[in-house]
Protein chains: 2
Amino acid sequence: MTFLRVAFVQGRPRFGRTEANLDHGLALARTAQAELVVLPELWSTGYVFSSHEEVASLAEDARRGATATRLADAARRERRHYIAGFAEVARGRFYNSAMLVGPRGVRAVYRKLHLFEREREWFSAGDLPLAVNRVGPARVGMLICFDWRFPEAARVLALLGADLIAHPSNLVFPNAQEAMRVRALENRVFTVTANRTGIERRPGDTVTFTGRSQIVDPDGRVVVRAGKAEQVAHAVHIDLARSRHKRLTAATPLFTNRRPEHYGVLVRRS
Amino acid sequence: MTFLRVAFVQGRPRFGRTEANLDHGLALARTAQAELVVLPELWSTGYVFSSHEEVASLAEDARRGATATRLADAARRERRHYIAGFAEVARGRFYNSAMLVGPRGVRAVYRKLHLFEREREWFSAGDLPLAVNRVGPARVGMLICFDWRFPEAARVLALLGADLIAHPSNLVFPNAQEAMRVRALENRVFTVTANRTGIERRPGDTVTFTGRSQIVDPDGRVVVRAGKAEQVAHAVHIDLARSRHKRLTAATPLFTNRRPEHYGVLVRRS
């Protein structure tokens with residue numbers, strides 16, 4: 001039997017306070033016994049940017065920035081993995097990204113494919129392929145927040161072999177958590193949504209985040225869910241045999257039942 | 001403004017009693033004022049086949065069989081459209097199909113793409129492309145029952161322009177209705193799930209159906225839902241402007257936000 005202990009952190013970062021936010025996230029993470037800890041989207045910076053200058057001043061290099069350095073240090077000391085959202089700068093472009101960090105440093109970066117609302121003003125849409133990485137015995141994919149709305153994204157990760165989809169978020173729609181249950185169910189994967197909480201008031205915009213971070217199992221059941229406002233970490237033990245069992249009944253395999261020859265419209269450019 | 005009045009019929013067919021089942025369905029349908037009435041999967045025959053001979057004796061030609069004849073007659077007299085599930089025979093093959101019938105007769109046939117459990121013993125998997133047909137001002141796609149589990153199917157119909165997905169069903173999984181809310185939400189379409197109710201006891205198998213037929217709007221809200229056991233028809237007025245409004249916010253279009261160049265895995269044959 002192959003298990004992984006996985007946790008989410010739900011907290012409330014303060015806009016622009018990168019070091020304090022990393023302190024806050026890592027302090028919450030230390031309360032969770034887990035081999036993989038997932039923190040929310042744009043954890044280091046906060047969410048509501050109000051100018052391009054702000055993005056430029058807060059975005060980080062994915063290998064040498066403060067988020068990479070601090071998480072790599074914690075991962076090495078704690079001998080475990082972290083996934084966290086951060087604002088990335090690379091070759092003069094900015095991305096809403098997440099990094100996977102292990103004891104030996106940054107292992108993978110995902111750049112959000114589906115940008116929401118004003119994110120398009122601040123960030124370029126992701127330009128890296130959806131991918132799955134090993135964390136101990138588990139195969140882990142990353143999505144960020146609004147990617148939940150596009151069933152294609154979770155499906156691609158599941159077809160690439162993901163046991164678990166880590167989902168750093170700054171959710172604002174009330175139905176995202178319920179939809180993530182269907183993402184788990186339709187793909188028979190675990191999902192770990194690490195959402196932030198609180199209200200961010202900034203020049204030009206005020207955004208209220210929905211909390212309710214959750215871990216969902218391959219049957220679509222919520223294993224653990226945080227409250228709307230609490231700042232907390234929760235860990236659960238997940239059995240990877242369950243995400244690898246892709247049969248619904250003895251006679252009904254999920255993935256080989258797909259009919260890709262009828263799905264061509266999905267990859268046509270609009 | 002462009003509206004359509006659409007209804008589902010939820011009832012309990014008796015296995016093998018094609019004429020009585022059509023009587024039963026059409027009687028319920030007459031209680032609903034609607035331009036399009038959706039009946040459950042395999043309405044004419046019942047669901048639990050126990051031999052190939054039984055399938056062969058009950059399957060119908062999609063244009064000349066009892067279901068086509070009776071529904072075309074009702075559609076002509078009532079000046080409206082029907083969608084209903086039936087067992088189809090065509091060129092020596094059998095399909096779990098649905099037909100769209102209007103005042104001038106059968107207009108389209110959909111053959112279930114994703115077969116569940118023992119259906120594979122009795123039927124060939126669908127071999128016709130997913131398609132959308134006009135019913136009055138509305139663009140209507142068809143899925144059948146277990147197709148709900150495959151997000152690709154509803155997505156293809158939505159990308160082909162469906163306002164509404166008619167979903168004749170014989171559902172047995174308890175979470176299908178909630179998942180259909182996500183199908184509606186993620187595609188911003190209306191869904192009409194016409195499910196059967198009752199228990200079918202037949203040689204070798206007993207199946208309990210979940211009722212709770214429903215119509216869901218493009219925000220994922222259940223507009224009307226039947227009980228688990230009742231035999232009933234419900235009609236609602238739907239506003240097609242809503243299914244054509246594919247923006248979540250002014251800055252966030254749903255479909256043009258898709259990233260088909262990253263979805264290639266979805267159409268690879270496994």
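**Exercise 1. Sort the lining of the largest pocket by residue class, then find which helices contribute to it.**

Step 1. The lining of the largest pocket splits into 7 nonpolar, 4 polar and 7 charged residues. Here Ala, Val, Leu, Ile, Met, Phe, Trp, Tyr, Cys and Pro count as nonpolar, Asp, Glu, Lys and Arg as charged, and the others, Gly among them, as polar.

Step 2. The space in this pocket is about 290 Å³. On a 1 Å grid over the protein atoms alone, a pocket is an open set of points with protein on both sides within 12 Å along at least five of seven lines, while a cavity is a set where a 1.4 Å probe fits but cannot get out; lining residues have an atom within 4 Å of a point. Grid points are joined across faces, edges and corners, and a volume is the space filled by probe spheres set on the points.

Step 3. Of the 18 lining residues, those closest to the pocket centre are Glu178(A), Arg181(A), Val182(A), Glu178(B) and Val182(B).

Step 4. Two elements give two or more residues to this lining: helix H6 (176-187) of chain A and helix H6 (176-187) of chain B. Helices (H or I, at least four residues) and strands (E, at least two) are DSSP runs, numbered from the N terminus.

A note before you go on: this is a predicted model, in which local features need pLDDT of at least 70 and side-chain atom pairs count only at pLDDT 80 or more, while totals for chains, interfaces and linings use all residues. Residues are numbered from 1 along each chain as its sequence is written, chains are lettered from A and ligands numbered from 1 in the order in which they are written, and side-chain values use heavy atoms, with hydrogens and water left out.

**Exercise 2. Describe how H5(A) packs on H6(A).**

Step 1. Helix H5 (residues 151-159) of chain A and H6(A) pack at about 35°, their axes 10 Å apart. Axes are lines fitted to C-alpha atoms, for helices over the stretch in contact, and angles run from 0 to 180 degrees between N-to-C directions.

Step 2. From H5(A), Pro151(A), Ala154(A), Arg155(A) and Ala158(A) meet Arg183(A), Glu186(A) and Asn187(A) of H6(A); contact means heavy atoms within 4.5 Å.

Step 3. By class, this contact has 3 nonpolar, 1 polar and 3 charged residues.

**Exercise 3. Find the largest cavity and describe its lining.**

Step 1. The whole structure holds 3 cavities of 30 Å³ or more, and the largest cavity has about 80 Å³ of space.

Step 2. Its lining includes Tyr47(B), Phe116(B), Trp148(B) and Phe173(B).

Step 3. By class, that lining has 8 nonpolar, 1 polar and 2 charged residues.
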